[in-house]
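Dear colleague,

I am passing the structure below on to you, and my notes on helix packing and salt bridges follow it.

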Amino acid sequence: MKILAIESSCDETAAAVVEDGRVVLSSIVASQVEEHRLYGGVVPEIASRRHAESISGVVREALNAAEVTMEDIDAIGVTFAPGLIGALLVGVNFAKGLSLATGKPLIGVHHLRSHIAANYITHLKLKPPFLCLVVSGGHSHIVAVEDYTKMHVIGQTRDDAAGEAFDKAARTMGMPYPGGIELDKLAERGNERAYVLPHPTVAGSEFDFSFSGLKTAVINTIHNAEQKGTMIIKEDMCASFRRAVVDCLTENTFKAAEKFGAKTIVVAGGVSANTLLRREMARISAERNLELYVPRVSLCGDNAAMVGSQAYYEFLSGNVAELDLNAVATLPIDYR
């Protein structure tokens, strides 16, 4: 079964052709990073306009790269939630128009579910059940994945997501957007014990995260140094902050794995590309004799291949959308 997939939830316009949920025939991504870097972050109105300008060409390129036509496509998958509402609407409306014009089934895909599905492409034998840490710029969740379309949230952030905290801390240190990537690179050269930073917990919710206070601690440390006329060592601050975030993520994830008896751990989302997170998840998993799966770095960020993978399993579960499918800015991963 060949699925044409479309992704436009934030600042990447992407299209892909995926076969049987596991084989990527093509994957095209048109990034807007350079433009949004001018403003220090994603500008929703600009993102929507660029999606509208790019989507036809990106879809055409994905079909050409896969050496297929719409006649060869069996269904159309599209990210409909969550994300920037204007950006989502571009992809959803394009997919609906294509579905109406061709008569192909339409499949709405949840963005976080598709991040998890990036692992199905990387690891062809992986299948539920497993415990997944989904960590990105807008989300930080621990999810029990019982089946491809059946899952529930065990823990989540109460404020900032881990990726958001990385980007904001990096911006405070003068790094360009997206700062989390640059912070990770500098951290590799720093001393992670140079600065003492908090490891926040959430009282009464042992698996939930809170990164706002940690982010504020970094900002205050930098501002206090500036007021005193001293300079922080950027590499050391990056390393110390990264260590604190990763410790919070790994501690809660492995506590959840122990409590719920999970033997397989999966990591997904943009922050799954973080160098220290990948190392620590591998180390702790090995120590506890747990199986660990992480996506290829090229599949950690937003792309349509992961959407096509999840769309396949949504289709098998009977989750086919009508033409009244609408974009939704916020929607829990365990909806329905």
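**Helix packing and salt bridges**

The axes of helix α4 (residues 111–122) and helix α10 (residues 305–316) come within 7 Å and cross at roughly 95 degrees, where axes are lines fitted to C-alpha atoms over the stretch in contact and angles run from 0 to 180 degrees between N-to-C directions. Helices here are DSSP runs (H or I, at least four residues) numbered from the N terminus. α4 and α10 are therefore roughly perpendicular to each other (65 to 115 degrees). Their contact (heavy atoms within 4.5 Å) involves, among others, H111 and Y120 of α4 and M306 and Y313 of α10.

This is a predicted model, in which local features need pLDDT of at least 70 and side-chain atom pairs count only at pLDDT 80 or more, while totals for chains, interfaces and linings use all residues. Residues are numbered from 1 along each chain as its sequence is written, and side-chain values use heavy atoms, with hydrogens and water left out.

The whole structure holds 20 salt bridges (a side-chain nitrogen of Lys or Arg within 4 Å of a carboxyl oxygen of Asp or Glu). In one of them R242 pairs with D184, the closest N and O atoms being 2.6 Å apart; R242 lies in helix α8 and D184 in helix α6, so the pair ties together parts that are 58 residues apart in sequence. Both R242 and D184 are buried (under 20% relative accessible area, with a 1.4 Å probe and protein chains only). E164 also forms a salt bridge with K168, at 2.7 Å between the closest N and O atoms.

Best regards

Note on methods. Helices (H or I, at least four residues) and strands (E, at least two) are DSSP runs, numbered from the N terminus. Angles under 35 degrees count as roughly parallel, over 145 as roughly antiparallel, 65 to 115 as roughly perpendicular and the rest as oblique. Buried means under 20% relative accessible area, exposed over 50%, partly exposed in between (1.4 Å probe, protein chains only).
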